[in-house]
Amino acid sequence: MAMHTELWFPSVIWSSVLHIVDNQELKRYAYDRMKTDKGRVISNYGGWQSSDLLPGECDQIDRLVKRLDEEITQCAQQVGLPDLEINNIWINVNPPGAYNHLHSHVGAVFSGVYYVDSTEQHGGIQFERNDGAEYHIPANVAKETYYTCTRASYAGKTGALYVFPGWLKHSVQGNRANTDRISVSFNYGEKT
């Protein structure tokens with residue numbers, strides 16, 4: 001008789017590829033915004049992070065948010081959460097060598113990233129397991145699985161969208177290309 005299996009406290013990561021945004025127009029907007037927005041430093045090292053974007057500032061961001069609202073609603077329904085709303089959204093421009101330190105998004109139910117201009121050489125996003133399992137999993141595991149691994153990596157490719165729990169620690173690898181990696185990050189939370 002096989003034992004019944006239940007998965008408790010899973011870390012869910014959703015992924016998709018979007019084709020509804022004009023990435024070239026969004027890239028131009030990012031560079032124009034850099035000229036007037038001093039930006040901020042939160043987890044970014046060597047890169048620029050815009051201040052929060054507001055509705056009506058960029059048509060392509062508005063299109064992206066409309067699609068994100070639909071995707072986030074589906075994600076929330078899958079895991080039994082109520083409808084959520086966007087808390088904030090911003091642009092990241094990471095030149096060669098720039099990266100983002102390990103961090104989480106305090107207060108966000110879901111966080112995510114959409115890649116505007118990126119290839120595998122620009123570096124991807126890495127999610128870290130933070131339940132202490134590395135101190136308990138035997139070192140001689142024959143093959144890493146979802147159950148035994150301590151890190152999951154996703155490529156930062158143009159058009160890729162990743163959504164994940166706001167508490168899931170993550171970092172962005174250093175940009176190994178000779179051009180900028182451009183992405184848009186966002187947080188969703190409870191409706192107010």
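Predicted model: local features only at pLDDT ≥ 70, side-chain atom pairs only at ≥ 80, totals over all residues.
Residues are numbered from 1 along each chain as its sequence is written, and side-chain values use heavy atoms, without hydrogens or water. Local features need pLDDT of at least 70 and side-chain atom pairs count only at pLDDT 80 or more, whereas totals for chains, interfaces and linings use all residues.

**View 1. The largest pocket holds about 870 Å³ of space.** A pocket is an open set of points on a 1 Å grid over the protein atoms alone, where a 1.4 Å probe fits, with protein on both sides within 12 Å along at least five of seven lines; lining residues have an atom within 4 Å of a point. Its volume is the space filled by probe spheres set on the points. Among the 22 lining residues, Phe9, Pro10, Ser11, Arg129 and Tyr146 are the closest to the centre of the largest pocket. Strand S7 (125–128) and strand S8 (151–154) are the elements that each give two or more residues to this lining; strands are DSSP runs (E, at least two residues), numbered from the N terminus. The largest share, three residues, comes from S8.

**View 2. Phe9 has a positive phi of about 55° although it is not a glycine.** Most residues other than glycine have a negative phi. Phe9 lies in the segment before strand S1 (14–17). At 76% relative accessibility, Phe9 counts as exposed, a term for residues over 50% relative accessible area (1.4 Å probe, protein chains only).

**View 3. The second largest pocket has a volume of about 290 Å³.** Of its 23 lining residues, those closest to the centre are Gln49, Trp90, His103, His105 and Ser185. The elements that give two or more residues to this lining include strand S4 (84–94), strand S6 (110–117) and strand S11 (181–190). By class, the lining of the second largest pocket has seven nonpolar, 14 polar and two charged residues. Asp, Glu, Lys and Arg count as charged, Ala, Val, Leu, Ile, Met, Phe, Trp, Tyr, Cys and Pro as nonpolar, and the others, Gly among them, as polar.

**View 4. Five strands form an open antiparallel sheet in the order S2-S5-S10-S7-S8.** Strand S2 (44–45) and S8 stand at the edges, each with a single partner strand, so one side of each has no neighbour in the sheet. Two strands pair if DSSP finds at least two bridges between them. S7 and S10 pair in the antiparallel sense over three bridges. The bridge partner of Phe127 is His170 in S10.

Notes: Helix = DSSP H or I, 4+ residues; strand = E, 2+ residues; numbered from the N terminus. Buried < 20%, exposed > 50% of the residue type's maximum accessible area, 1.4 Å probe, protein only.
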